[in-house]
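Try each task before you read its solution.

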Amino acid sequence: MTLERTEVVLSVEQEAAVPGQPPRRLRLEARFAVGSRPPSPAEIGDAIGQLDRELSEAARLAGFASTAPVRADRPVAELVETYRPRQSELVELLLAEGEISAGEAEGLRAYLGSPVAVGTPVIPPRDEVPVMDRPIAAAPLENDRSSGRARTVSELLSTYRIESLRQAGAVRARRQISFEEYMALKRHFGPSEPVPSPSGPENPVG
């Protein structure tokens, strides 16, 4: 039996607070019907960005102010050095996981579409510390898993000591697992991992 996707469910969250009150985690969810073809990663990324802007505006109108410190977008050169992007799917994953901002994602998309990105070799940094003894996010690009046999979820969990979807995203950002392997891990951990709120119950918006 062939399963067909009929809708895409996207949600965004942010921590905010009304002055003088404890912070709350606000969440906005939207469901999109799927037409004759499934949406591309770029289209999903654009929809996430739009939802994020809508949540920020709704929170502002309700008297909430974000508790997260404002961070300026990093230069494209720094993003390339940090995430080593080679395909747009990685950019959309980083955006969906909140690792990069909408502006940073736009800069990386432009970089991937430029002649500079074509054929640029990625040289892994040398380090005497064994891979498995280093933090996941600091692991070097010693194996590009953009193609090849997809490993099982249990093998990935054991090899990279992955305990959460965020850690899986970090391993994917270092290109040590393929896109297919990352999606398998995402299904393993479920559609979303619960994020503990510092205080107070969830306050849905929308």
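**Exercise 1. Find what covers the buried residues of H4, then work out how those residues are arranged on the helix.**

Step 1. Helix H2 (76-83) and helix H3 (88-96) are among the elements that cover the buried residues of H4; contact here means heavy atoms within 4.5 Å. Helices (H or I, at least four residues) and strands (E, at least two) are DSSP runs, numbered from the N terminus.

Step 2. List the residues being covered. H4 spans residues 102-112, and its buried residues are Glu104, Ala105, Gly107, Leu108 and Tyr111. Buried means under 20% relative accessible area, exposed over 50%, and partly exposed in between (1.4 Å probe, protein chains only).

Step 3. Look down the axis of H4: the buried residues fall within an arc of 160°, so they line one face of the helix. The arc is taken over the directions from the helix axis to the C-beta atoms. As background, an α-helix has 3.6 residues a turn, so residues three or four places apart point the same way.

A word on the ground rules: this is a predicted model, with residues numbered from 1 along each chain as its sequence is written. Local features need pLDDT of at least 70 and side-chain atom pairs count only at pLDDT 80 or more, while totals for chains, interfaces and linings use all residues, and side-chain values use heavy atoms, leaving out hydrogens and water.

**Exercise 2. Describe how H1 packs on H3.**

Step 1. Get the geometry. Helix H1 (residues 41-61) and H3 pack at an angle of about 25°, and their axes are 9 Å apart. Axes are lines fitted to C-alpha atoms, for helices over the stretch in contact, with angles from 0 to 180 degrees between N-to-C directions.

Step 2. Classify it. That angle makes H1 roughly parallel to H3 (under 35 degrees is roughly parallel, over 145 roughly antiparallel, 65 to 115 roughly perpendicular, the rest oblique).

Step 3. Name the partners. From H1, Pro41, Ala42, Gly45 and Ile48 meet Glu89, Glu92, Leu95 and Ala96 of H3.

Step 4. Check one of them. Ala96 is partly exposed, at a relative accessible area of 38%.

**Exercise 3. Is Arg172 buried or exposed, and what does Arg172 touch?**

Step 1. Locate Arg172: the residue sits in helix H6.

Step 2. Arg172 is buried, with a relative accessible area of 1%.

Step 3. Leaving out residues up to four places away in sequence, Arg172 touches Gln87, Leu90, Leu93, Ile177, Ser178, Phe179 and Tyr182.

**Exercise 4. Where does pLDDT stay under 50?**

Step 1. Start with the average: the protein chain has a pLDDT of 76, and 75% of the residues score at least 70. pLDDT is the predictor's confidence in each residue, from 0 to 100.

Step 2. One stretch under 50 is residues 121-144, with 41 contacts beyond four places in sequence. Another is residues 193-202, with 13 such contacts.
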